[in-house]
Amino acid sequence: MPLHQTSGKWRLGLALSLVTVFLWGILPIALKVTVQALDVYTLTWFRFLLSFSLLASYLAAKQQLPVLSKWRSLPLKLLAVAIIFLSANYVMFVQGLAMTSASNAEVVIQFAPVLMGLGAIVVFKERYTWQQWVGLGVLALGFVLFFNQQLKLLITASHQYLLGSALVVGGAITWAVYSLAQKQLLQKLSSVQIMLLLYGGCGALFTPLASPTALLKLTSLQWGMLIFCGLNTLVAYGAFAEALEHWEASKISAVLALAPIITLIAVDVVALLFPNLITPEYITELGVLGAVLVVAGSMAIALGKKSV
């Protein structure tokens, strides 16, 4: 099978990537609240079920549902890989989040876009210019400075905190595999059709493990957070899937690295408005410098010209 080629509409790819960054940046807060009332399997099952139902309704109205005749040419093994690894990512990240904190989970999960970017260089033969490699170095330095407090905590953390962080690392690895598989699937189906199959497949996997009756015990706030998580899945992953159609995966991965900054800002805002809901994060002056370097490094990679 020939490798997928982007459309070259990098501005659209950048815009879609920024939408994904914002939604993924605020997602850990909603998940942290919801996972206090639901087990990880029921939470994940609901997110996929809601996303599948809404997307299926939209595509049916547009008469754009996947045609069964295309299934013969669809690489089912590759689709299975994407479904299994995306499912594993959801479970590992949410379980790791429940055992650590929103900020820690968000920094550790940043292994995911880095692995996706490196994987895209190997699999899809994407290239970095020397300016982009410098940007990657600046990005790495920025993360070390920005999360110096979290990294210190990780080293001296309890067993549960370490196990949670390990689960998030596993989630990062599985997400990178999923994202590369999805990019290749764009050879056969549109991004929205692929996401429909992924949502449906993942939802089916979690159906035997879910406890729907637990939903009846949720408070209004928890229901609101749960629905937000489902809508976040639909919109964020839809934007991400479409971005892969128009822009190189290695550059998208650089933009996604901005998500932790969104998380830290969102945590402070929510903690200010709702002190009993979540604990605020303290950012040192060194952390602020790190944030600037993260943004600068991400932009250097994302906007750098492709070498020929």
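Visitor: What share of the contacts in the protein chain with a separation of 6 or more comes from residues 24 or more positions apart?

Guide: In this predicted model, residues 24 or more positions apart account for 89% of the contacts in the protein chain with a separation of 6 or more.

Visitor: Where in the protein chain is confidence lowest, and where is it highest?

Guide: The predictor's confidence is given for each residue as pLDDT, and for the protein chain the mean is 83, with 89% of residues reaching 70 or more. Confidence is lowest in helix α7, residues 148-155, at a mean of 64, and highest in helix α2, residues 40-61, at 94.

Visitor: How many of the residues count as buried, and which ones have the most contacts inside the largest nonpolar core?

Guide: As a general idea, nonpolar side chains tend to be buried together in soluble globular proteins. In this structure, 53% of the 308 residues of the protein chain count as buried, and the largest nonpolar core has 91 residues, where W175, Y178, L198, Y237 and F240 have the most contacts. To take one of these, L198 touches L79, A82, I83, L86, Y178 and Q182, when residues up to four places away in sequence are not counted.

Visitor: How many cavities does a search of the whole structure find, and what lines the largest cavity?

Guide: A cavity is a space where a probe fits but cannot get out, and the search finds five cavities of 30 Å³ or more. The largest cavity has a volume of about 290 Å³ and is lined by 17 residues, of which W24, F93, I109, W175 and Y237 lie nearest its centre. The elements that give two or more residues to this lining are α1 (10-34), α3 (76-99) and α5 (111-123), and α3 gives the most, with four residues. By class, the lining of the largest cavity has 13 nonpolar, two polar and two charged residues.

Visitor: Which elements supply the lining of the second largest cavity?

Guide: The second largest cavity, with a volume of about 80 Å³, takes at least two lining residues from each of α5, α6 (130-146) and α11 (249-256), and the largest share, four residues, comes from α5. Among the residues of this lining are P113, Y128, L136 and I301, and by class the lining divides into nine nonpolar, two polar and no charged residues.

Visitor: What lines the second largest pocket?

Guide: A pocket, in contrast to a cavity, is an open set of points, and about 180 Å³ of space lies in the second largest pocket. The residues lining this pocket are I26, I29, A30, L221, M225, F228, A266, V270, F274 and L277, with α1, α10 (220-246) and α12 (259-273) each giving two or more of them. By class, the lining of the second largest pocket has ten nonpolar, no polar and no charged residues.

Visitor: Why does Q64 count as partly exposed?

Guide: Partly exposed covers the range between the limit for buried, under 20% relative accessible area, and that for exposed, over 50%; Q64 counts as partly exposed because its relative accessibility is 37%. Q64 has its place in the loop between α2 and α3, and, leaving aside neighbours within four places in sequence, Q64 is in contact with L59 and Q193. Q64 and S190 are 126 residues apart in sequence, and 9.6 Å apart in space, C-alpha to C-alpha.

How values were computed. Residues numbered from 1 in each chain as written. Heavy atoms only, no water. pLDDT = per-residue confidence, 0-100. 1 Å grid on protein atoms, 1.4 Å probe; cavity = no way out; pocket = protein on both sides within 12 Å on 5 of 7 lines; lining within 4 Å. Points joined across faces, edges and corners; volume = space filled by probe spheres on them. Nonpolar A, V, L, I, M, F, W, Y, C, P; charged D, E, K, R; others polar. Core = buried A, V, L, I, M, F, W, Y, C linked by side-chain atoms within 4.5 Å. Buried < 20%, exposed > 50% of the residue type's maximum accessible area, 1.4 Å probe, protein only. Contact = heavy atoms within 4.5 Å.
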